[in-house]
Amino acid sequence: MKALIQRVSSASVDINDVSVGEIQQGILLLLGVEKEDTEQSADKLLKKILAYRIFSDNEGKMNLNLQQSQGGLLIVSQFTLAADTKKGLRPSFSSAAPPQLGETLYNYFVDQAKVLHPTVATGRFGADMQVNLTNDGPVTFWLES
């Protein structure tokens, strides 16, 4: 499982010009699911994201995690994160999870996030989405389970 996290001052997801998910200050999480991923890898990645210290403390140092900063978490499925881009000029998606597994693990990840964190919004798995964000910093990290 792969995640691109961005610290944002706000972020939203629209489908057909209708807002389906929105947060203010927090993390925009783009989530890619691969063939070998399991609920255990989802749990591991989620715990890492919630504990990852990317928010500033009173001294301006990145010492606070999402829960300490009381920020929102916007989770958006992103199939293309599973791409292999090492060779050629066209990405290969051979390591990506098939749609049924991808959706099952995405939904599991979202459900677990809602249990562990009070402010969770989402996009819609498999939809054509427009993601809007104001990157704070910019602060962006690539994480894997």
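The largest pocket holds about 320 Å³ of space. The model is predicted, with local features requiring pLDDT of at least 70 and side-chain atom pairs pLDDT 80 or more, whereas totals for chains, interfaces and linings use all residues. Residues are numbered from 1 along each chain as its sequence is written, and side-chain values rest on heavy atoms, without hydrogens or water. A pocket is an open set of points on a 1 Å grid over the protein atoms alone where a 1.4 Å probe fits, with protein on both sides within 12 Å along at least five of seven lines; lining residues have an atom within 4 Å of a point. Points are joined across faces, edges and corners, and the volume is the space filled by probe spheres set on them.

Of the 17 lining residues, Ser 77, Gln 78, Phe 79, Phe 125 and Gly 126 lie nearest the centre of the pocket. At least two lining residues each come from β3 (26–32), β6 (72–77) and α3 (99–116); β3 gives the most, with three. Helices (H or I, at least four residues) and strands (E, at least two) are DSSP runs numbered from the N terminus. The lining comprises twelve nonpolar, five polar and no charged residues, where Ala, Val, Leu, Ile, Met, Phe, Trp, Tyr, Cys and Pro count as nonpolar, Asp, Glu, Lys and Arg as charged, and the others, Gly among them, as polar.

Helix α3 also packs against α1 (residues 39–51), at an angle of about 40 degrees and with the axes 10 Å apart. Axes are lines fitted to C-alpha atoms over the stretch in contact, and angles run from 0 to 180 degrees between N-to-C directions. In the contact (heavy atoms within 4.5 Å), residues of α1 including Leu 46 and Ile 49 meet residues of α3 including Tyr 108 and Phe 109. By class, this contact of α1 with α3 has ten nonpolar, one polar and two charged residues.
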